Amino acid sequence: ENFALTVYDMDSSNSSTESVTVCGAARAATTKGTHLVEHPSSGPCRTFESTTYGLADNNPTHPKTLTAEQLANSVTFFFPDSRSEFSVNFAVSGKRFETAGRNFL
């Protein structure tokens, strides 16, 4: 594995939940005590969904200075050397009309 993609700040609002689906990764990793749940899937795709509420004030600012909470809201996907392409789908489920948007970092 020579390529990794990390998705940070996977959290929820009062009325919506963020998820990310990545197809083509060899594996994925979260921290112990993660706030994400992985949904079972068949085939080459892996889906992770947030389970905790988050605000803009807990968004990460640098990947080398993450708090425990920020790490718990992150997932890293690892890709094999032979992978020439992959797909990523970000989604927000729940109520559509919020007063503020959702950030994907």
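Author: Happy to! Please keep in mind that this is a predicted model. Let us start with the pairing of strand E4 (residues 36-39) and E5, which run antiparallel to each other and share four bridges. Within that pairing, Glu38 sits opposite Phe48 in E5. Five residues lie between the two strands of this hairpin, and among them you will find Gly43, whose phi is positive, near 90 degrees.

Now turn to the pairing of E5 with another strand. E5 covers residues 45-50, and five bridges connect it to strand E2 (residues 16-23), again in the antiparallel sense. Here Val20 is the residue that stands opposite Phe48. Cys23 and Cys45 form a disulfide, with 1.9 Å between their sulfur atoms. Because Cys23 belongs to strand E2 and Cys45 to strand E5, this pair ties together parts that are 22 residues apart in sequence. The torsion about the S-S bond is about 100 degrees, so the disulfide is right-handed. If you search the whole structure, you find one disulfide.

How exposed are the two cysteines? Cys23 has a relative accessibility of 18%, and it counts as buried because the cut-off is under 20%. Cys45, with a relative accessible area of 22%, is partly exposed.

Let us step back to the sheet around E5. Four strands make up an open sheet, with antiparallel pairing, in the order E4-E5-E2-E7. At its edges stand E4 and strand E7 (87-94); each has a single partner strand, so one side of each is left without a neighbour in the sheet. From one strand to the next, the twist averages 25 degrees.

Definitions and conventions:
Residues are numbered from 1 along each chain as its sequence is written. This is a predicted model: local features need pLDDT of at least 70, side-chain atom pairs count only at pLDDT 80 or more; totals for chains, interfaces and linings use all residues. Side-chain values use heavy atoms; hydrogens and water are left out. Two strands pair if DSSP finds at least two bridges between them. A disulfide is a pair of cysteine sulfur atoms within 2.5 Å. Buried means under 20% relative accessible area, exposed over 50%, partly exposed in between (1.4 Å probe, protein chains only). Axes are lines fitted to C-alpha atoms, for helices over the stretch in contact, and angles run from 0 to 180 degrees between N-to-C directions.
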